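Student: I would like to go through this structure one step at a time. Please show it before we start.

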Amino acid sequence: MWYTGKITEIKEQSPTTKAFKIKVPEVEKIDFKAGQFSVMELPIHERRTKRRRSYSIANAPDGSNVLEFSVVKLEGGAGSTYLCDEAEVGTEIKLKSPGGMFYLPADTAKKNLVFICTGTGVAPFRSMIFDLLNHHKPFKSLHLIFGTRHESGILYREEFEKLAEERADFSYDVVLSRENHRDFQHGYVHEIYEEKYRRPDKNTLFYLCGWSGMVDEAVKKLTEEIGFAKEQVIFELYG
Ligand SMILES: Cc1cc2nc3c(=O)[nH]c(=O)nc-3n(C[C@H](O)[C@H](O)[C@H](O)COP(=O)(O)OP(=O)(O)OC[C@H]3O[C@@H](n4cnc5c(N)ncnc54)[C@H](O)[C@@H]3O)c2cc1C
């Protein structure tokens, strides 16, 4: 089902990334599972099939009709440039009911959940993490590993730092690939999980989200090199 949403808030999250709130006044509540995405139809091409782009929902389901998204502007990218440079508060956005298979199992009580992402790939994990916490869903541990080039690219930093301070069962690693910074590790996300999860164990589930370079490499390392079962490594590819 297609809705006509309206942008109600735009915030700069980094020099290249913006956070959007889109309200869908046609309904009181939008149903989705934390981790799912919505397809937007944007005015960027004459042919309808070329106007569609997918974006992960960044907020946890809260029974409202507001969805949040985090969009990075890609050089030469039609959809992301439209959203980041042309869309404004009040702009109408046509979007489809949320979908996709990237969500957590119903029972995570015995699971160590490891979320690995770069850039806007953090969006579905923000939704999953706050969904677990808001609804007091049980889990063994949560570990968010976030990679970006520079400190200025760290998305939702305050929220995750606060959680890491408050909760012993949540850990948060930020790794910067192009900046040496005394507060953060330098390098790539791979080094973090390779160090911490050296031996396969049945209760750990890895969720990976982002562009194919990072995701393909992580799937290979976790399954072929470390030996986790394929079912323990679930991923969402942005392109
Ligand atoms: C399920 C799903 C969820 C997604 N969620 C998000 C999200 O939450 N946030 C988000 O920002 N994006 C997300 N994406 C990606 C998004 O759908 C678009 O693909 C992205 O915004 C680029 O679209 P565009 O129209 O700007 O670029 P296009 O006009 O489609 O392509 C522009 C150019 O960019 C190139 N390109 C592709 N990938 C990259 C890259 N990594 N770096 C540089 N250039 C590249 C392409 O080859 C092409 O030449 C998601 C994709 C999927 C499939």
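Tutor: We begin with a definition. A residue is buried if 20 or more other C-beta atoms lie within 10 Å of its own, exposed if 12 or fewer, and partly exposed in between. Keep in mind that this is a predicted model.

Student: Is His136 buried or exposed?

Tutor: His136 is found in the loop between helix H2 (123-134) and strand E8 (141-148). His136 has 6 C-beta neighbours inside 10 Å, so it counts as exposed.

Student: What is the phi of His136?

Tutor: Most residues other than glycine have a negative phi. His136 is not a glycine, yet its phi is positive, about 50°.

Student: Which class does Tyr156 fall into, by its C-beta neighbours inside 10 Å?

Tutor: Tyr156 lies in the loop between E8 and helix H3 (157-166). A buried residue needs 20 or more neighbours, and an exposed one has 12 or fewer. Tyr156 has 19 C-beta neighbours inside 10 Å, so it counts as partly exposed.

Student: How is the chain divided?

Tutor: There are two parts to name, and the bounds are residue numbers. The chain is divided into domain 1 (2-96) and domain 2 (112-237).

Student: Which residues come nearest to the ligand?

Tutor: The shell around the ligand draws at least three residues from each of domain 1 and domain 2. Strand E4 (52-56), strand E5 (66-72) and helix H1 (78-86) each supply at least two residues of this shell. By class, the shell has 10 nonpolar, 11 polar and 2 charged residues. Of the 23 residues around the ligand, those that come nearest are Ser56, Gly77, Gly79, Ser80 and Thr120.

Student: Which residues are exposed on the other side of H1, away from its buried ones?

Tutor: Gly79, Ser80, Tyr82 and Leu83 are buried in H1. They cover an arc of only 160° around the axis, which puts them on the same side of H1. The buried residues of H1 pack against strand E2 (17-23), E4 and E5. On the other side of H1, the exposed residues are Asp85 and Glu86.

Student: Which residues make up the uncovered face of strand E6?

Tutor: In a regular strand the side chains alternate between the two faces of the sheet. In strand E6 (residues 92-96), Ile93 and Leu95 form the covered face, and the uncovered face is Glu92, Lys94 and Lys96.

Student: Which residue of strand E3 (residues 37-41) stands opposite Lys94 in E6?

Tutor: E6 pairs with strand E1 (residues 2-14) in the antiparallel sense over 5 bridges, and Thr4 stands opposite Lys94. E6 also pairs with E3 in the antiparallel sense, over 2 bridges. There the residue opposite Lys94 is Glu41.

Student: What is the bridge partner of Lys11 in E2?

Tutor: A hairpin joins E1 to E2 through 2 residues. E1 and E2 pair in the antiparallel sense over 7 bridges. In E2, Lys11 has as its bridge partner Ala19.

Student: Which strands stand at the edges of the open sheet of 6 strands?

Tutor: This open sheet has parallel pairing and the order E10-E9-E8-E7-E11-E12. An edge strand has a single partner strand, so one side of it is left without a neighbour in the sheet. The edge strands are strand E10 (185-186) and strand E12 (233-237).

Notes
Residues numbered from 1 in each chain as written. Predicted model: local features only at pLDDT ≥ 70, side-chain atom pairs only at ≥ 80, totals over all residues. Helix = DSSP H or I, 4+ residues; strand = E, 2+ residues; numbered from the N terminus. Pairing = 2+ DSSP bridges. Near = placed C-beta within 6 Å. Nonpolar A, V, L, I, M, F, W, Y, C, P; charged D, E, K, R; others polar. Domains from an automatic or database assignment. Arc of directions from axis to C-beta. Contact = placed C-beta atoms within 7 Å.
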